Amino acid sequence: MMGYKLKKIWTDRVLYLMLLPAAVFFTLFHLLPIYGMKLAFFDYRIIGEDVYVGMKYFKILFSTPVFSTVLANTLIISAMKLILIFPIPIIFALMLNEFHNGRFRKAIQVVSYLPHFLSWVVIAGIWFEFLSPSTGAVNELIKLFGFPARDFLTDKDTIRWVLVISEAWRSIGWDSIIFFAVILGVSPSLYEAAYADGANRWHILTRIVLPHLYVPMVTIFILNVGFIMNAGLDQVLNFTNVSVNSRIDIIDTYVYRVGLVNGEYSFATAANLFKSIIGVVLVLSTHFISKKLTSKGAW
Amino acid sequence: MAAKGFTVSKLILGLLLTAITLTMFVPIVNLFAKALSSPDKVYLMKGYDLLPKGFSLLHFKVVLSNPIVGKALLNSLFITVTGTLLSVFFTTISAYVLTRKNLVGKAPLMVFLIIFMILEPGIVPEYMVMKDLRLLDSLWSMVLYRTINVFYLIIMMRFMEDVPDSLIEAAKIDGAGHMRVFVRIVLPLAKVPLLTIGMFYAVSRWNEFFKSSIFLSDPDKTVLQVLLRQFVVDNDSTALLSAATLLSNNEVAQLDFSALKAATIVIAMIPILVLYPIILKYYTSGVMEGGIKE
């Protein structure tokens, strides 16, 4: 058995050689950083060996009030996005399906997919203009209705909504594709049969279209739960400012600030390790739950 | 199927869809219009204006003639082009190997890949590795960083599994080695998935900003997204206006900072807009097909 395997490896040696660059990349940029996470249990030394300190940094972490704030912010922002944004692409796809005029539908699709491909820096640039109290389109509209202009970006009460709505703005079109494809995939004979039986449009929606969407809906929702520890680093970094940071400071921005700006490497790594472990557990469990329920997993 | 003809509910749906889409269309076109307005009329621009007030390329001239922007643009292009080519090549070749029949060690390798996909070590250990590799402040840090994305590798593997074995076996009988089979047979067949993951990689590399800001802190190595953040988010105009010395005093006095910002944002969007038709064709159809198969 062993001999056969060795022989097979030898015959396939060219294949392994072809895989060598990948092995190098993965070792350097995945394996080494994962190994480097051990820094959470060591005191970082610029000169000489790092000193093992056990759970010291985790104890500090859990007694740091700021950490509970950023953990709460992360969960609140993620939960808002998860629940409020989830139905939007589905409704968007259902609405789009009502239009059979090729040009109208195509135009809506072409424009609404675009934001998905823009960086958060560019989106922030667009939104700053959009929400500008002096010239922005949103405030022009507010003024038109006789209300005073508002600066949503520096207001603690509105900033999380800005994150949620800008995320929805970015993903509504793109995330609707998968649902739209499923709707288009429904066999026309089902509709014909239903109409022949005297079904109205409401029956069609609730008895034929929605049941087809059940599997992708459940899969996507469950898998999104798995990523709840990622509240949107790039987005927050670009939308944050001094007035609102306490409301949208998340674990990722905290790790960046404490680790790379303040240079507290071990402490930041401990915070990140905490986040990563929860993340792995969530992704793995949601993957298996989804597999069980819908036979579709995360990969 | 939807009812034919005109109904009130359909009108409402149409207006709703149009309104949602206008929230994307208007701000983006407005930025173009603002950047193209003549400097002395920018202040007249409202957020919903779709046409420039007057017409001038001065804002683009100032931004593009700024050596800092020029350098950042070149750095971004270098990372995007080199990185995407390397990524596509190594992702495809690895996918080919990992889908060969009875490859010894495939199962443990896949377990590693899944671990790499879901376990994020975080920015500090990654920064340390870059430092140890002496790649900090080298453009290669961003070219080589995560050259192969596990997710795209798995997408490519799904495609490779569909390449008929008979084709590959036939070539082998003719004496072709794996490398030759890969280049001559598999690559030409993989045109659509190659373009699809190529778009994925190109977009994410062009848009990458967090890791670039950390690995490339030397101002000479800054990429466009990081510079854009300085202008747009931090409102730091010194770098942007430094090139204004090339202009006459009269012109400098006229320059409008918000229009300069708009011009920079437009420049950062242009590669995406140029690629957008290809993106829509391949990337979108990939997602659609995936959806229909489900």
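This is a predicted model: local features need pLDDT of at least 70, side-chain atom pairs count only at pLDDT 80 or more; totals for chains, interfaces and linings use all residues.
Chain A is assigned two domains, with domain 1 spanning residues 2-35 and domain 2 spanning residues 55-294. The C-alpha centres of domain 1 and domain 2 of chain A are separated by 38 Å. An unreviewed UniProt entry annotates residues 71-286 of chain A as "domain: ABC transmembrane type-1".

The packing of two helices of chain A was examined in detail. Helix H7 (residues 120-131) of chain A packs with helix H9 (residues 159-185) of chain A at an angle of about 115°, and their axes lie 12 Å apart. The crossing of H7(A) with H9(A) is right-handed. On the H7(A) side, the contact is formed by Trp120(A), Ile123(A), Ile126(A), Trp127(A) and Leu131(A). These residues meet Val162(A), Ile165(A), Ser166(A), Glu167(A), Trp169(A) and Arg170(A) in H9(A). Classified by residue type, the contact of H7(A) with H9(A) comprises eight nonpolar residues, one polar residue and two charged residues.

Between the chains, the contact involves 88 residues of chain A and 95 residues of chain B. About 8,300 Å² is buried between chain A and chain B, and carbon and sulfur atoms account for 80% of this area. Of the area that chain A buries against chain B, 9% is supplied by Met18(A), Phe29(A) and Phe117(A), more than by any other three residues.

Technical notes
Residues are numbered from 1 along each chain as its sequence is written. Chains are lettered from A and ligands numbered from 1 in the order in which they are written. Side-chain values use heavy atoms; hydrogens and water are left out. Domain bounds come from an automatic or database domain assignment. UniProt positions are given in the numbering used here, feature names are shortened, and annotations may be inferred rather than shown by experiment. Axes are lines fitted to C-alpha atoms, for helices over the stretch in contact, and angles run from 0 to 180 degrees between N-to-C directions. Helices (H or I, at least four residues) and strands (E, at least two) are DSSP runs, numbered from the N terminus. A crossing is left-handed if the near helix is turned anticlockwise from the far one by less than a right angle, and right-handed if clockwise. Contact means heavy atoms within 4.5 Å. Ala, Val, Leu, Ile, Met, Phe, Trp, Tyr, Cys and Pro count as nonpolar, Asp, Glu, Lys and Arg as charged, and the others, Gly among them, as polar. Buried area is the accessible area (1.4 Å probe) that two parts lose on being put together, summed over both.
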